[in-house]
Amino acid sequence: MEVLNEMTLSFSSKSMNENFARAAVSAFILPLDPTINELADIKTAVSEAVTNAIIHGYEYGDGIVTLNAKIFPGGKIVIKIRDKGRGIENIKQAMEPLFSTAGEERAGLGFAVMQSFMDSMKVSSKPGHGTTVTLEKYIIRRSRSAQAVGYENE
């Protein structure tokens, strides 16, 4: 499928960069003219994925988080957040609501939140090599600003 636009960002695994990732994704998808709710859903899912990379992937240590976002025809957005941290031994267990490896201070709802706000989510991981979270969402409204920059829903 043809990619209409793409961006890739790499940033340090510091909590302060969670807001940077949210803002960058927001700015990237604005030409599609998402509703406030669509934008909030995407920003929240990205925050959760980046937070997971920082807390669980790198255990607050030094590392790089990579965010790649693509816009496709039909208003499809695909966002991948990748770390090269410790990885997930049991993805099925990690995706269960309330499961957390970070102790009682974490709610264990990150994957559940991502799934609830996005149209689809996929997690791939290899222990010792990192994790990639792939988020997909469709912005289904046709907008004048999207048409002006060549993003047109089919």
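Student: Leaving aside neighbours within four places in sequence, what is K80 in contact with?

Tutor: Happy to start there! Beyond those neighbours, K80 is in contact with T66, L67, N68, T132, V133 and T134, where contact means heavy atoms within 4.5 Å. Please keep in mind that this is a predicted model, in which local features need pLDDT of at least 70 and side-chain atom pairs count only at pLDDT 80 or more, while totals for chains, interfaces and linings use all residues. Residues are numbered from 1 along each chain as its sequence is written, and side-chain values use heavy atoms, leaving out hydrogens and water.

Student: Why is K80 called partly exposed?

Tutor: Its relative accessible area is 40%. Buried means under 20%, exposed means over 50%, and partly exposed is what lies in between, with a 1.4 Å probe and protein chains only. The value for K80 therefore puts it in the partly exposed class.

Student: And why does K76 count as buried?

Tutor: K76 has 16% relative accessibility, which is under the 20% cut-off, so it counts as buried. K76 lies in strand β3, and K80 is in that strand too, which spans residues 76-83. Strands here are DSSP runs of E with at least two residues, helices are runs of H or I with at least four, and both are numbered from the N terminus. Neighbours within four places aside, K76 is in contact with K70, I71, E136, K137 and Y138.

Student: How do you know that β3 and β5 pair?

Tutor: Two strands pair if DSSP finds at least two bridges between them. β3 and β5 have 8 bridges, in the antiparallel sense, so they meet that rule. K80 stands opposite T134 in β5. The C-alpha atoms of K80 and T134 are separated by 4.4 Å, although the two residues are 54 apart along the chain.

Student: What makes β5 mostly covered?

Tutor: Of the 9 residues in β5, 7 are buried.

Student: What makes the phi values of E59 and Y60 worth a look?

Tutor: Most residues other than glycine have a negative phi. E59, which is not a glycine, has a positive phi of about 50°, and Y60, also not a glycine, has a positive phi of about 65°. E59 is in the loop between α2 (36-57) and β2 (64-72), and Y60 is in the loop between α2 and β2 as well.
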